[in-house]
Amino acid sequence: MGSKLNLLWDHFRFYVLDAVGMLFCRYAIGKGKLLLVRLDAIGDFVVFLDSAKEYRRLYPEQKIILCANSTWVEIARAVPYWDEVWAVDVKRLTSELSYRFETVRKIRRAGFEIAIQPTFSRVFLHGDSVIRVSGAMQRIGSVGDPVSGNSKLKLISDRWYTALIPAAQSILAELERNAEFIRNLSGQDFEAKLPVLETRSS
C-alpha cells in the first residue's frame, strides 16, 4: 500500500511541477521545428532506426530535434536522421525537481510546431509529459497500450495529444509496431526491415 501511495504522490507532484513550469516558462509559438520523443531503452532505439528515417521524408521542411534517453544519446548523435539531439536523464527526470523543471523550461521555450512520440507503451512521467509541456500546435502519439501502466493516468495523458494514431491491440514485435505507426501516420505503405545503423560520416 505504501509503495502505491508513493507512486501516486510522485505522479501528482511532477504533474503539478510541470504545470508550474508551463505557467512560468512562456511558450514561444514556433514554426519549422519538430520534436521527436524517444526516451525508452537502447534496444528499442536501435529497432526504431528502421522507421526513424521516415520522419525526415514526411517532414522535409522541419528542423527535427530528437529528445533522447541520455544512456544512448551518443549513438543517436551519430545518426543523420535529425538535426539535433537533446539528452534527457530519465532517472533524474523523475527524481530531481530542479532537473525536471529545467528540462520543462528548455522544451517549453524552444517553440515546437510539431511534437511526436511514436512509442506504443507510453509512460506518463516520461514521454507523455514531454509532449504535454512542449506546447506544440500538433502533438501526435500512439493510441497506446491499454493494459500497460495506469488506465486513469492514460485517460489524463491522452488529452495532452491533438492526435492519437491507431494501433493494433494484438501483440506485435517492436519493429512492426514502429512500421505500423509510420503507416497510420502517413497513410502510405511502409514495411518493416531490419534496422541499419547509418552514421553521418557514411
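Two strands count as paired if DSSP finds at least two bridges between them. Helices (H or I, at least four residues) and strands (E, at least two) are DSSP runs, numbered from the N terminus. With that in hand, welcome to this predicted model, in which local features need pLDDT of at least 70, side-chain atom pairs count only at pLDDT 80 or more, and totals for chains, interfaces and linings use all residues. Residues are numbered from 1 along each chain as its sequence is written, and side-chain values use heavy atoms, with hydrogens and water left out.

- Six strands make up an open sheet with parallel pairing, and their order is 3-2-1-4-5-6.
- Strand 3 (84-88) and strand 6 (163-165) are at the edges with a single partner strand each, so one side of each has no neighbour in the sheet.
- On average, neighbouring strands of this sheet are turned by 20° against each other, direction ignored; axes here are lines fitted to C-alpha atoms (for helices over the stretch in contact), and angles run from 0 to 180 degrees between N-to-C directions.
- As background, strands of a sheet pair through backbone hydrogen bonds, either parallel or antiparallel.

**Strand 1 and its partners**

- Five of the six residues of strand 1 are buried (under 20% relative accessible area, with a 1.4 Å probe and protein chains only), so the rest of the structure largely encloses this strand.
- Strand 1 pairs with strand 2 (residues 63-69) in the parallel sense over six bridges, and Leu 34 has Ile 64 as its bridge partner in strand 2.

- Strand 4 (residues 114-117) pairs with strand 5 (residues 138-142) in the parallel sense through four bridges.
- Ala 115 sits opposite Arg 139 in strand 5.
- Helix 8 (residues 174-186) lies across strand 1 (33-38), strand 4, strand 5 and strand 6, and runs at about 140° to strand 5.

**Cysteines**

- The structure has zero disulfides, a disulfide being a pair of cysteine sulfur atoms within 2.5 Å.
- Cys 25 is in no disulfide, and its nearest cysteine sulfur, that of Cys 67, is 15 Å away.
- Cys 25 is buried at 1% relative accessibility, and Cys 67 is buried with a relative accessible area of 1%.

How values were computed: Contact = heavy atoms within 4.5 Å. Buried < 20%, exposed > 50% of the residue type's maximum accessible area, 1.4 Å probe, protein only.
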